[in-house]
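Hi,

Here is the structure I said I'd pass on to you. Have a look at it first, and then read on for what turned up in it.

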Amino acid sequence: MRPTPRRLLAAFALAPLLTGCFVSGEDGSDADAAGGSGARLKVALAVPPVQALSPYSNDATVLSKLSVAEGLTALDEDGGAVPALAESWERKDANTWVFELRKATFQDGTSVTAEAVVNALEHANEAETKPRVLSDVSLTVKADDADTVTIATKTADPVLPLRLASPALGILAAKAYAADGSVSPVGTGTGAFEVTKLTGKTKASLDRYDGYWGGKAKASGIDVTWIADGTARANALRGGDVDIAEWIPTAQAKLLDEDTRHEVPSVRTDSLILNTGSGIFTDASLRAAAREAVDGAALVDSVFGGYADPAQGLFGPAVSWAADKRVEVAGRVEAATVAQVKSRTEGKTLRLATYTNRSELPEAASVLQQQLEKAGFTVKQDVREYTQMEADLLAGKYDALVFSRVTLLDTGDAVAYLASDFTSDGVYNIAGLKDAKVDQAIKSAAAEGDAAERQQKVMRAEAEILRTDAVVPLVHEQAVQGIATDVEGVLLDPRERSLVDLDTRLK
C-alpha cells in the first residue's frame, strides 16, 4: 500500500479565513510565498499539563495541537492514515507491517532513523502507564536498515497505521527518554514548532523549528497559556490577550463577536460513568436505576445552550456511520425502585465527581444530582480541576463521574476508545468494568479488517457496553473555538487533535 499525499483538511478548516493543511511544500516555499508576518501566536488552552507534556498522558494532544511532535502516520479529514514521518508502508502479513521513513531531523539536530523510531515505540510499549492507544495491542519493533522499520503485533491489527497516528505515539529524540521513565518533548520533537520552555502548569514557549521537513511555519512561535476557567479564556480572547482560545463555554459563545466564534461538529460525548468495581454501583440494579433517572436531553438547552445533541449512544452525529449501524440494547438488569434504592443505599452517599476544565460539566452535575436524588440516591459532589483528580478517578475513588470524552481521539478508530475505556484490562477504564461479553465484542471488532463490518462490530460492542449500565451517554457536544479576526489558518478539528500548523498566522 502506498498512501496518497496528505490532503487539504476541508473538514477541519473553514475557507478563506480558516484554511490550513498538515503538510506544505518540503522546501518551505509555501510558507515564504504567503508573506506571513512571522509574529508569534498567543494561544489559550483549557487543560493544564498533567505530566509536563509527557505523550503518555492526556498531555499528548497538546503536542499534536501545536505541531510539536509527529507519529509515523497522521490522519486525513476522513480519518484515514496518511504519511507523516513514514513516507509509505506495506502490510507483509496479518501481523507484520514495514514502514519506510522520510528524511527528517529532530529538533535537537539528530536524524530521524529507524533506530530512533524503535527506541521511541519501545519506550511507549514498555511505559509503566501504557498509552491508551496500546490498551489492546503490544508492538515488536525492529530496524531493518537506517530508513526501514518493521512492526509486528501478537495478533492481527488491521488498523495499525491508524494506531500509529496517535499523539501518544509521537516519535521523539533519544534524549527525551529519561532513565526514570519520564518523557520530555522539550526540544525533542520533529514538528514545525519546538517547545523551548515549560513553566509548570501555566505557560509554555514554542519557537518555529526551521529544520522541519514539511517547510517553514508562517508564525515565528507560539506563546501558550493554560486557563482552566472557560469564562476567563473567553475574556482573554475578547480583551485581545490571546489570538486563539479553545473550548469556549456555551454560555460565553454567544457573547463573542460572531466573526470570532467558530462552531465545530465534535466526536465528543458527555456521559455519566458509573463505578462498577467498588461502591454502591457494583449493584447492577442501582446502575439501572441511575440510568433511568438521568435525562441527558434536559441538558441540551439548559446547560449547553443548544450547542449539543441528545445522546443516542457512545457515538454521535459527527461519527457519520454510527446511526445506520446502531444495535438495539438488550439484556439490561431491571432497575431498582425508589424504595429499593433508598433501602439499598441507606447510610451511603453517592460520590459524584466532575471537573472544571469544561465549564458545562459542573452545571450538568448539579442537574444530574437533582435527577438522581429523585430516584432515591443521596448525592454529594466533588468538583475540581481534572489534573487534581485523574489519579483518583482511575483508582475508583468515586461512584460516578460526569465525563467528557473525545471518542475518536486516540486513533480515529473507535475500537481503540472502546478497548481503553471498557475492557477488563483497559488503561482508562474509569468505570472499572469487567464483563466477558464486552471484552469479546471489542476483541471481535479489533480483529476485523473489513471497514464496514468493523464499524458494525463496533456498534455491537457499544450495545454490550450500554447493557451493563457502566456508562450513561448524556449529550453529543458541538465544540466552539474562539479565534481573533486577524488570525488565519487555524484548524477546526472534530477530533480535537489539531489546532495550529504551518499555515496558522497573524495576517
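Let's start with the rings: searching the whole structure turns up nine aromatic pairs. One of them is Phe315 with Trp321, a tilted pair with 6.1 Å from centre to centre and 40° between the planes. Phe315 and Trp321 are both buried. Before you go further, keep in mind that this is a predicted model.

Now try another pair, Tyr355 and Phe403. Why is this one called edge-to-face? The ring centres are 6.4 Å apart and the planes meet at 70°, and planes over 60 degrees apart count as edge-to-face, so that is the label the pair gets. If you trace the chain, you'll see that this pair links distant parts of it: Tyr355 belongs to strand 14 (residues 350-355) and Phe403 to strand 16 (residues 400-406), 48 residues apart.

Some rings have a charged neighbour instead. Arg102 lies over the face of Trp213, 3.7 Å from the ring centre. Likewise, Arg358 lies over the face of Trp247, at 4.3 Å from the ring centre.

Next, find the open sheet of four strands, which has the order 4-5-7-6 and antiparallel pairing. Which strands stand at the edges? They are strand 4 (86-93) and strand 6 (139-145); each has a single partner strand, so one side of each is left without a neighbour in the sheet. From one strand to the next, the twist averages 20°.

If sheets are new to you, here is the background: strands of a sheet pair through backbone hydrogen bonds, either parallel or antiparallel. Here, strand 4 and strand 5 (residues 96-101) run antiparallel and are joined by six bridges. To see where they meet, look for Asp93, whose bridge partner in strand 5 is Thr96.

Finally, what packs on this sheet? Helix 3 (residues 114-126) does, touching strand 5, strand 6 and strand 7 (148-153). The direction of helix 3 makes about 170° with that of strand 6.

Cheers

How values were computed:
Residues numbered from 1 in each chain as written. Predicted model: local features only at pLDDT ≥ 70, side-chain atom pairs only at ≥ 80, totals over all residues. Heavy atoms only, no water. Phe/Tyr/Trp six-rings, centres within 6.5 Å; stacked < 30°, edge-to-face > 60°. Buried < 20%, exposed > 50% of the residue type's maximum accessible area, 1.4 Å probe, protein only. Helix = DSSP H or I, 4+ residues; strand = E, 2+ residues; numbered from the N terminus. Lys NZ or Arg CZ within 6 Å of the ring centre and 35° of its normal. Pairing = 2+ DSSP bridges. Axes fitted to C-alpha atoms, helices over the stretch in contact; angles between N-to-C directions. Contact = heavy atoms within 4.5 Å.
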